[in-house]
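This report describes selected features of one protein structure, shown below.

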Amino acid sequence: LRSLTRASDIVARIGGDEFVLALTGLKGGTADEAGSVAEKVRLALCAPYQVRGIELHTTASIGLSRFPLDGDDSTALMRSADMAMYHAKSCGRNRFEFFEPQMNHAASAHLAVDLALHNAVEAGQMVVHYQPQVRVDTGAIVAAEALLRWHHPTLGLVAPSTFIPIAEDNGLISQIGHWVLTQALAQCAVWRHTRDARFRVAVNVSAVQLYADDFVDTVLEALVLAGLPGEALELEITE
């Protein structure tokens, strides 16, 4: 990073894999000039490198903020650049984005969902809907897919595509996923008793859950709790 900047610029590592470049004295602080530097950095970091004979690659997601347009002090500028960086990640990574005022609204909405999600299960805001799977030759319902829905008192109906990625990021996905699993299996046990002894239920599983060391034990415990054999459960990996 130092090799790509001038002696008057500031290069700092602020923790983990996050770095900051403070580009001082740009001619008029133009977006074109700052963007040119960001693209040079991105390309340099994308270059392959060798570690013990193995070729490795990295990518960079870069957020840019401008003084005084996006903040009049270092704290505000860092916050704006941070939001722009997360926007670059959400747009596919390996790119740079300039801060835009609407990112503030998106970040506030993201934070509101994040905070509300912590109490959603305990508050009884989560509900499982079931989509039937039907045999076309007989018309019989033989299975159902469990679909999680979140009804928040002020946020309204929050789409899974909105809150599932947040739950994966903040570590709540395992708790929520376990709750859905136990609810779905309990309902399946009822249907096996009242409808069809071979009834099955399908439950979506996040890749984050799948990677957990206790995933198999969690599934087995949920089956035992519901009094069901393994054949009663289908696990589907979400896209």
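In strand β10 (residues 200-205), A146 has V203 standing opposite it. The model is predicted, so local features need pLDDT of at least 70 and side-chain atom pairs count only at pLDDT 80 or more, whereas totals for chains, interfaces and linings use all residues. Residues are numbered from 1 along each chain as its sequence is written, and side-chain values use heavy atoms, with hydrogens and water left out.

**Strand pairing**

Helices (H or I, at least four residues) and strands (E, at least two) are DSSP runs numbered from the N terminus, and two strands pair if DSSP finds at least two bridges between them. Strand β8 (residues 141-152) runs parallel to β10 and is joined to it by four bridges. Strand β10 is also joined to strand β11 (residues 233-237), again in parallel, by five bridges. In this second pairing, V205 stands opposite I237 in β11.

**Aromatic rings**

Rings of Phe, Tyr and Trp (its six-membered ring) pair if their centres lie within 6.5 Å; planes under 30 degrees apart count as stacked, over 60 as edge-to-face and the rest as tilted. The structure holds four aromatic pairs, including the two tabulated here.

| Pair | Distance of centres | Angle of planes | Class |
|---|---|---|---|
| Y130 and W191 | 5.1 Å | 85 degrees | edge-to-face |
| W191 and F199 | 5.2 Å | 50 degrees | tilted |

Because Y130 belongs to strand β7 (residues 126-134) and W191 to helix α5 (residues 173-194), their pair ties together parts that are 61 residues apart in sequence. Ring pairs link Y130, W191 and F199 into a cluster. For accessibility, buried means under 20% relative accessible area, exposed over 50%, and partly exposed in between (1.4 Å probe, protein chains only). Y130 is partly exposed, at 25%, whereas W191 and F199 are both buried.

**Cysteines**

A disulfide is taken as a pair of cysteine sulfur atoms within 2.5 Å, and the count by this rule is zero. For C46, the closest cysteine sulfur is that of C91, 16 Å away, which is too far for a bond. C188 is buried, with a relative accessible area of 0%.

**Proline 48**

P48 is found in the loop between α1 (31-46) and β3 (49-51). This residue, P48, is partly exposed, with a relative accessible area of 48%. Leaving aside neighbours within four places in sequence, P48 is in contact (heavy atoms within 4.5 Å) with E55, L56 and H57. The C-alpha atoms of P48 and M85 are separated by 22 Å, the two residues being 37 residues apart along the chain.
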